[in-house]
Each structure stands twice: as C-alpha cells, then as structure tokens.
Amino acid sequence: MRRKMKGTAVFLLGMMLGTALMHMDSGGGARGADIQTSAEKTAVEKEGLEQEPRKIALTFDDGPHPVYTPKLLDGLKERGITATFFLIGRNAEAYPDVVRRIYEEGHLIGNHTYSHVRLSDLTEEEVRREVEQTSNLIEELVGEPLIYIRPPFGDWKEDIDCGMGVIPVWWTVDSRDWETGNAAEIVKRVVTQAEENDIILMHDWYESSVDAALQIADILEQQGYEFVTAEELILP
Ligand SMILES: [Zn+2]
C-alpha cells in the first residue's frame, strides 16, 4: 500500500510539475496571447514522464542466510535501496530474526517454497503444503500475507497453485551468480545486460553474490536507475 501511494505521489508530482511548466510557458509572454494547443500540452506531459528515473528490481532467492543476508541488508540500507526476497520456508523458520528485519526495512518478501522443490514433480497436496507452510510461517513472523511466489528452477505451469492464488514472479536478467565465486564476473554479467524495467535474479546465499549485488547497485544507480520491488514492475 505504502509503495503504491509513493508511486501515485510521484505521478501527481510529475503532473503538477507539468502543469507548472505549462503555466510558466504560457505566462512568459514571449509568445504573447498564444494559446497552448493540446498537442503542446501532451508534449510537455510526455517530457515530464520521460524525466522519471528508469526503474529496475534486484531480487534475491534462497535466503535468508544467517550471515550474508544481514550483510546485504546493511548495504541496501546504506544506499536507501529496496529489493525483493523470495525466501525458502525452512530457512525462514531457521532465521526468523532475519525475516523480520527484511520486512521491517521495507523490502518485499515472496515465497520460494518450503524445501526448494520442483513443484511440477509434486502432487496437488504436496504443492499446497510446500507453498502454504512457507506463506503461513512468514505471515506469522511479519504479520502480512505473501502474494508472490518465485517457483524454484522457474518450474511452474498453469493451475499448479491449486487455486491458492499466488502470483508467480519471473526474472529478465539471470546473474547465474551460483556458477562462480567471482563477484567481478557477476557484476559484469549483470550490468552489461541490465535495461529499464528488468528484474534481476540473484541469490543472497553466497558472499560473492552479496558483494556483487552492492557493486551492481552502485553502478546502476550512477547510470540513473531507481531500485523498486518486483511488484512495482509487474503490476499493470
Ligand atoms: Zn532458488
């Protein structure tokens, strides 16, 4: 809710700025009693929207990790960056304080199943257990239900949620950070691919991934990107 309001506020601010610019323009007198056409207005509004920062989302799967996730949270906090964490239920159960901290610091939490399984290999009852057990225990910790799921291995098919209504979240840039312990390599792989509205997949289960993520954040921020949750990029 808070995030949506923020989006609306930015939009309204943009509209107000656009209106102010129009007034300045028409009141400047340079063009005399010239009446602004609707085409001109549209151009001003469009320009205002184009000046908004390009959005991008960092997403982290498989945590929380007792050491690396807090390290990542420290770095994100320092930079004022919001991210998305798809948590494995059994890890959330083992490290509840880290789960609470993720939530309290304004990040979005999603479901990554209880024991990191291929959902399509399971019976309906098993799928339900993997998903609901995770949702329930995280909801108990943070006081808010989970809406989103990132299926392990991207393994998902229509109706696999058995009517539970969870929304799958994919990614558009795969860091393949689990392949290497070399942070520089991960940074290069991500920043050379990253574009506006991308959802970047990483794992806060490795120290090299956390180091890389913070470097990626600095580089992309310098390039004018604004970090948002995955939710902000998938909502219509
Ligand atoms: Zn995973």
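## Getting started

A residue counts as buried if 20 or more other C-beta atoms lie within 10 Å of its own. In this predicted model, buried residues make up 34% of the 236 residues in the protein.

The protein has nine helices and eight strands. If we take the contacts between residues at least 6 apart in sequence, 76% of them join residues at least 24 apart.

## The two sides of helix 7

Let's look at helix 7, which spans residues 183–193. Which residues of helix 7 are buried? They are Ala183, Ile186, Val187 and Val190. These four lie on the same side of helix 7, because they cover an arc of only 100° around the axis.

On the face turned away from that buried side, you will find the exposed residues Ala184 and Thr192. The buried residues have a cover that includes strand 6 (173–174), strand 7 (199–203) and helix 8.

## Where helix 7 meets helix 8

Helix 8 covers residues 207–222, and its axis comes within 8 Å of the axis of helix 7. The two axes cross at roughly 40°, so helix 7 and helix 8 are oblique to each other. The crossing in which helix 7 passes helix 8 is right-handed.

On the helix 7 side, the contact is made by Ala183, Ile186, Val187, Val190 and Val191. Their partners in helix 8 are Ser208, Ser209, Asp211, Ala212, Gln215, Ile216, Ile219 and Leu220.

Conventions
Residues are numbered from 1 along each chain as its sequence is written. This is a predicted model: local features need pLDDT of at least 70, side-chain atom pairs count only at pLDDT 80 or more; totals for chains, interfaces and linings use all residues. Axes are lines fitted to C-alpha atoms, for helices over the stretch in contact, and angles run from 0 to 180 degrees between N-to-C directions. Angles under 35 degrees count as roughly parallel, over 145 as roughly antiparallel, 65 to 115 as roughly perpendicular and the rest as oblique. A crossing is left-handed if the near helix is turned anticlockwise from the far one by less than a right angle, and right-handed if clockwise. Two residues are in contact if their C-beta atoms, placed from the backbone, lie within 7 Å. A residue is buried if 20 or more other C-beta atoms lie within 10 Å of its own, exposed if 12 or fewer, and partly exposed in between; C-beta atoms are placed from the backbone. The arc is that of the directions from the helix axis to the C-beta atoms.
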